[in-house]
Amino acid sequence: MIEVTRLNGKKYWINPHQIESMEEKPDLTISLLSGNQIVVKDTPEEIIQKVVDYRRRIGIYKQEL
C-alpha cells in the first residue's frame with residue numbers, strides 16, 4: 001500500500017496495483033481499476049516515486065530489469 005493525502009489533509013492508503021490512471025484537473029485525480037476515483041494533494045511525480053519505491057520494497061522491480 002502507498003500513502004496519499006486527500007485534499008482535507010487526511011492520510012489514505014491505496015493499493016498501487018489498482019491504479020489505472022492519474023489526471024490533473026487541477027488537483028490530482030487517481031482512477032482505480034474498481035472505477036473509484038480519489039482526489040489527492042500529492043503530485044504525479046510523488047505518486048510515481050511512491051509506486052516505484054513500493055515495487056522495489058516488494059521485489060517486483062527485479063523482474064522488470
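Me: Let's start with V40. Which residues does V40 touch, not counting those up to four places away in sequence?

Reply: V40 touches V4, T5, R6, L7, D27, L28 and I30. Keep in mind that this is a predicted model.

Me: OK. And which residues make up the largest nonpolar core?

Reply: There are 12 residues in that core, V40 among them.

Me: Tell me about the helix, then. How many residues does α1 have, and how far does it reach?

Reply: α1 runs over residues 44-58, which is 15 residues. From its first C-alpha to its last it reaches 21 Å, close to the 21 Å expected at 1.5 Å a residue.

Me: Which residues of α1 are buried?

Reply: P44, I47, V51 and Y54 are buried. They cover an arc of only 90° around the axis, so they end up on the same side of α1.

Me: What do those buried residues pack against?

Reply: They pack against β1 (2-5), β3 (19-24) and β4 (28-32).

Me: And which exposed residues are on the face turned away from the buried side?

Reply: E45 and R57 are the exposed residues carried by that face of α1.

Me: What follows α1?

Reply: G59 does, and its phi is positive, near 90°.

Me: Switching to the strands. In what order do the three strands of the open sheet come?

Reply: The order is β3-β4-β5, and the pairing is antiparallel. β3 and β5 stand at the edges with a single partner strand each, so one side of each has no neighbour in the sheet. On average, neighbouring strands here are turned by 20° against each other, direction ignored.

Me: Over how many bridges do β3 and β4 pair?

Reply: Five bridges, in the antiparallel sense.

Me: Now T29. Is T29 buried or exposed?

Reply: T29 is in strand β4, and its relative accessible area is 6%. The cut-off for buried is under 20%, so T29 counts as buried.

Me: Which residues is T29 in contact with, leaving aside neighbours within four places in sequence?

Reply: S21, M22, E23, Q37, I38 and V39.

Me: Last one, L33. Where is L33 found, and is L33 buried or exposed?

Reply: L33 is found in the loop between β4 and β5. The relative accessible area of L33 is 52%. Exposed means over 50%, so L33 counts as exposed.

Me: What is L33 in contact with, beyond its neighbours within four places in sequence?

Reply: H17, Q18 and E20.

Me: And how far apart are L33 and I47 in space?

Reply: They are 16 Å apart, C-alpha to C-alpha, and 14 residues apart in sequence.

Notes. Residues are numbered from 1 along each chain as its sequence is written. This is a predicted model: local features need pLDDT of at least 70, side-chain atom pairs count only at pLDDT 80 or more; totals for chains, interfaces and linings use all residues. Side-chain values use heavy atoms; hydrogens and water are left out. Helices (H or I, at least four residues) and strands (E, at least two) are DSSP runs, numbered from the N terminus. The expected span of a helix is 1.5 Å times one less than its number of residues. Buried means under 20% relative accessible area, exposed over 50%, partly exposed in between (1.4 Å probe, protein chains only). The arc is that of the directions from the helix axis to the C-beta atoms. Contact means heavy atoms within 4.5 Å. A nonpolar core is a set of buried Ala, Val, Leu, Ile, Met, Phe, Trp, Tyr and Cys residues joined through side-chain atoms within 4.5 Å. Two strands pair if DSSP finds at least two bridges between them. Axes are lines fitted to C-alpha atoms, for helices over the stretch in contact, and angles run from 0 to 180 degrees between N-to-C directions.
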